Amino acid sequence: MAQHSEDACKQVDAGITRVFELLGKRWTGPIISVLLAHPVHFSELRRAIPGISERMLSDRLSELGSAGLVVREVDDGPPLRVAYRLTESGAAMEPALNELLRWAESHMGIPKGSC
C-alpha cells in the first residue's frame, strides 16, 4: 500500500476543500449547468431552475462572479436586461461536470439524458 505524506494530503485537501466550498453549495451546480449551453438572462435562469428564489439566485451568481466563473453583462435597453455567462474558467468545468453526470448515471440510478 502506498504511503502518503502529510504535505501531499494538505495540498489535495486544500484544493478539494476550495472546490466543494464553492461548487458544493445548493443551486450552484444547476446554475452552472444552465450557463454551459449559452448566456442566459436572469429571469430565464430563474425559470430554468425550479424552486430557486430570486435572492438565492442573485447570491449564487455573485459568489460565482467573485470566484471568476461567471460574468454579469447588462444588455442595452429598453428594456434593461441582465444576462450571465460563464467565463473561460467557468466553461473549463464542462468536462469534469460531464464526468460527474456519467458517474451519477452509472452509480446513482439517474436515467441517461434525464432533466
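Helices here are DSSP runs of H or I with at least four residues, and they are numbered from the N terminus. With that in hand, let's take a walk through this model, which is a predicted one.

**Stop 1: a helix and its serine**

Select residues 88–91. That's helix H5, and Ser-89 sits in it. Is Ser-89 buried, exposed or partly exposed? Its relative accessible area is 47%, so Ser-89 is partly exposed. That value falls between the 20% limit for buried and the 50% limit for exposed.

Ser-89 and Leu-69 are 20 residues apart along the chain, but their C-alpha atoms are separated by 5.7 Å. Which residues does Ser-89 contact, once you leave aside neighbours within four places in sequence? They are Gly-68 and Leu-69.

**Stop 2: the loop just before**

Step back to Thr-87, in the loop between S3 and H5. Thr-87 has 14% relative accessibility, so this one counts as buried. Skip its neighbours within four places in sequence, and Thr-87 is in contact with Gly-68, Leu-69, Val-70 and Val-71.

**Stop 3: the sheet**

Next, colour the strands. You're looking at an open sheet of three strands in the order S1-S3-S2, with antiparallel pairing. At the edges are S1 (40–41) and S2 (70–75), each pairing on one side only.

Zoom in on S2 and S3 (residues 81–86). How many bridges join S2 to S3? Six, and the two strands run antiparallel. Together S2 and S3 form a hairpin, with five residues between them. To see who faces whom, select Val-74 and find Val-82 of S3 opposite. Then try Val-71, which stands opposite Arg-85 in S3. If you show side chains, keep in mind that in a regular strand they alternate between the two faces of the sheet.

**Stop 4: a helix across the strands**

Not counting residues up to four places away in sequence, Ile-31 touches Leu-45, Ile-49, Ile-52, Leu-57, Arg-60, Leu-61 and Leu-64. Ile-31 is also one of the residues with the most contacts inside the largest nonpolar core, along with Leu-35, Leu-45, Leu-61 and Val-70. That core has 19 residues. Which elements give two or more residues to this core? H2, H3, helix H4 (54–66) and S3 do.

**Stop 5**

Show the aromatic side chains. The count comes to one aromatic pair. The partners are Phe-42 and Tyr-84: their ring centres are 6.4 Å apart and their planes are at 55°, so the pair is tilted. Phe-42 belongs to helix H3 (residues 42–48) and Tyr-84 to strand S3, so the pair ties together parts that are 42 residues apart in sequence. While you're there, note that Tyr-84 counts as buried, at 10% relative accessibility.

**Last stop: helix H6**

Finish with residues 94–107, the 14 residues of helix H6. At 1.5 Å a residue, H6 should span 20 Å, and its end C-alpha atoms are 20 Å apart, which agrees. After H6 comes Gly-109, whose phi is positive, near 70°.

Terms used. Residues are numbered from 1 along each chain as its sequence is written. This is a predicted model: local features need pLDDT of at least 70, side-chain atom pairs count only at pLDDT 80 or more; totals for chains, interfaces and linings use all residues. Side-chain values use heavy atoms; hydrogens and water are left out. Two strands pair if DSSP finds at least two bridges between them. Rings of Phe, Tyr and Trp (its six-membered ring) pair if their centres lie within 6.5 Å; planes under 30 degrees apart count as stacked, over 60 as edge-to-face and the rest as tilted. Buried means under 20% relative accessible area, exposed over 50%, partly exposed in between (1.4 Å probe, protein chains only). The expected span of a helix is 1.5 Å times one less than its number of residues. A nonpolar core is a set of buried Ala, Val, Leu, Ile, Met, Phe, Trp, Tyr and Cys residues joined through side-chain atoms within 4.5 Å. Contact means heavy atoms within 4.5 Å.
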